[in-house]
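The sequence and structure come first.

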Amino acid sequence: MSDETAIPVVQMRRPRWGDPARTAELPGAAAALAGDRQADAGVDPATITLARPVIDVDVREKISELVGPDNVSDADVARVQHTRGYSTPDILRLRAGDADDAPDLVVYPGDHDEVVAILRLSSERRIAVVPFTGGTSVVGGLTPDRAGVAGVISLDLRRLDRVVEIDEISRMATLEAGLRGPAAEALLREKGWTIGHFPQSYEGAGIGGYAATRSAGQSSAGYGRFDEMVEGLVLATPRGTIELGTAPRSAAGPDLRQLVLGSEGVFGVITSVQLRIRPVPTTRVFDAWRFASFADGATALRRLAQDGPLPTVLRLSDEVETALNLADPAGAGSEASGPSDTGSGSEGEAGDGGSAGCLVVAGYEGGADEVARRRDAASALLTDVGGSALGDGPGEAWRTGRFAGPYLRDPLLDAGVLVETLETVAFWSRLHEVRTAVTAALTDSLTASGTPPLVMCHISHVYESGASLYFTVVAPFGDDPLEQWAAAKTAANTAIRASGASITHHHAVGRDHRDAYHDEIGPLALDALRAVKASLDPAGVCNPGILI
């Protein structure tokens with residue numbers, strides 16, 4: 001059984017995605033959008049010279065005493081590589097040589113106690129601290145507000161990289177927050193276990209980031225979102241340590257784990273998590289189905305989500321994404337902040353402008369008998385509601401090609417093509433209204449700027465009561481790509497909130513969604529969150545300006 005998740009950890013190298021030795025050719029649909037346009041390939045980040053760090057020398061000396069002098073850096077290259085995240089605006093700024101948001105110091109603590117000590121010192125000296133694992137945020141979650149602080153530390157947790165314990169009886173593992181996704185999976189699989197969490201940022205993201213952003217991987221239908229896997233966690237704050245998760249499903253007051261999960265470092269730093277684990281599957285099959293329309297496909301997904309059996313992976317592409325996905329699965333269906341759904345659209349029926357209908361991918365993992373049972377029952381339902389079986393070829397191609405998608409963004413930007421994504425989640429009864437409104441908002445905004453876009457959508461995660469919608473937008477550069485996307489993103493956010501959907505499903509809030517998030521939860525709930533921050537972080541140094 002081939003395993004597309006058995007890939008090495010990649011040390012991300014801004015401003016380009018992933019392994020710098022890995023390249024991707026520009027697919028035909030994107031090349032057609034680019035035409036003869038060609039953008040500046042960008043500044044080599046190694047040549048960027050930064051202003052001197054503003055943190056006092058004595059503070060640096062104290063931090064060096066805490067973690068060791070080799071684990072503190074103010075070198076330009078280290079600071080640049082901890083600047084912002086991986087949204088397209090983040091990358092465009094860095095390609096233009098703009099690293100003004102670079103931290104003053106990069107600090108590599110070795111354990112939980114060192115994290116607490118750094119937070120206490122930072123609180124005393126009013127220095128902002130930004131937790132950093134893989135650095136793949138796409139919503140401005142690594143760009144703190146500098147107002148009122150005496151500098152910024154990027155707290156890189158890569159040295160917190162242990163599997164602390166595997167409790168095989170309870171089927172749980174305790175992992176340190178700096179452990180990267182592929183490394184965690186490899187260590188657990190040596191013992192026959194898997195987390196089952198494979199977001200498209202998998203090769204670059206880390207355990208702490210998964211928890212801090214409520215990450216959702218491709219297999220969420222079967223394994224759950226990451227926050228659903230967390231049985232316990234440890235949080236370092238400027239005032240000390242919080243340990244949560246004494247036992248499963250406790251009724252001892254509100255579940256404070258849920259207050260920390262998704263908090264994006266504003267209450268403190270998650271240093272370890274206790275996760276539910278599963279046996280490594282022995283069988284994996286990915287089927288593909290065609291439905292006449294997105295509405296028909298959504299009905300089929302809703303039936304599976306509500307009545308079962310639920311596949312491990314379940315997703316639906318709209319007509320445009322389907323055409324591109326069937327033509328070039330490695331270039332379509334991406335869920336990263338970078339390129340997706342930009343295949344050639346030139347191979348027979350798949351390139352017929354949408355005549356291929358809508359593609360459903362249903363993946364099953366587990367033991368052979370269990371997979372056969374669930375697959376047969378789900379196939380019967382999909383057939384009953386109008387689906388046409390395409391076999392396992394397109395599904396397997398999507399499975400094995402999905403991690404190649406983010407590598408397409410760089411050649412797209414090189415060719416003068418803007419590509420970005422956004423996502424939301426809504427109840428089934430509102431899903432079509434949300435999709436229509438967001439698609440129109442993106443199309444109208446970018447068309448008004450003189451760059452008519454290609455807008456695609458897929459359902460990537462399903463629940464009994466609703467589903468996520470994931471949009472990919474591709475358009476030629478306007479005169480100012482940053483302003484071009486800012487206007488489109490604002491229009492999309494407005495449409496999402498006006499339609500009653502949530503501003504995010506798994507990309508988190510960061511800075512980019514902050515205002516819309518405040519509108520979503522209302523002023524009283526926002527006051528409650530601010531009160532928690534004031535209690536745990538009275539000096540306001542934990543990732544200030546993010547989330548709240």
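## Largest cavity

With five residues, α7 gives the largest share of the lining of the largest cavity. Helices (H or I, at least four residues) and strands (E, at least two) are DSSP runs, numbered from the N terminus. The model is predicted: local features need pLDDT of at least 70 and side-chain atom pairs count only at pLDDT 80 or more, while totals for chains, interfaces and linings use all residues. Residues are numbered from 1 along each chain as its sequence is written, and side-chain values use heavy atoms, with hydrogens and water left out.

The structure has three cavities of 30 Å³ or more, and the largest holds about 660 Å³ of space. Its lining is made up of 38 residues, of which T136, S137, G209, Y210 and T213 are the closest to the centre. Two or more lining residues come from each of β3 (128–132), α7 (207–213) and β10 (269–276). By class, the lining of the largest cavity has 16 nonpolar, 20 polar and two charged residues.

A cavity is a set of points, on a 1 Å grid over the protein atoms alone, where a 1.4 Å probe fits but cannot get out; lining residues have an atom within 4 Å of a point. Points are joined across faces, edges and corners, and a volume is the space filled by probe spheres set on them. Ala, Val, Leu, Ile, Met, Phe, Trp, Tyr, Cys and Pro count as nonpolar, Asp, Glu, Lys and Arg as charged, and the others, Gly among them, as polar.

## Second largest cavity

The volume of the second largest cavity is about 60 Å³. Its lining consists of H82, D101, A102, P103, V130, F132, L142, P144, V152 and S154.

## Backbone geometry

Most peptide bonds are trans, and most residues other than glycine have a negative phi. R14 and P15 are joined by a cis peptide bond with omega about 0°; P15 is in the segment before α1 (28–34). Another cis bond links G308 and P309, with omega about -5°, and P309 sits in the loop between α11 (294–307) and β13 (313–317).

E264 has a positive phi near 55° and lies in the loop between α10 (257–260) and β10. At 7% relative accessibility E264 is buried (under 20% relative accessible area, with a 1.4 Å probe and protein chains only). A508 has a positive phi near 75°, is placed in the loop between α17 (481–498) and α18 (514–521), and is buried at 8%.

Key:
On a 1 Å grid over the protein atoms alone, a cavity is a set of points where a 1.4 Å probe fits but cannot get out, and a pocket is an open set with protein on both sides within 12 Å along at least five of seven lines; lining residues have an atom within 4 Å of a point. Buried means under 20% relative accessible area, exposed over 50%, partly exposed in between (1.4 Å probe, protein chains only).
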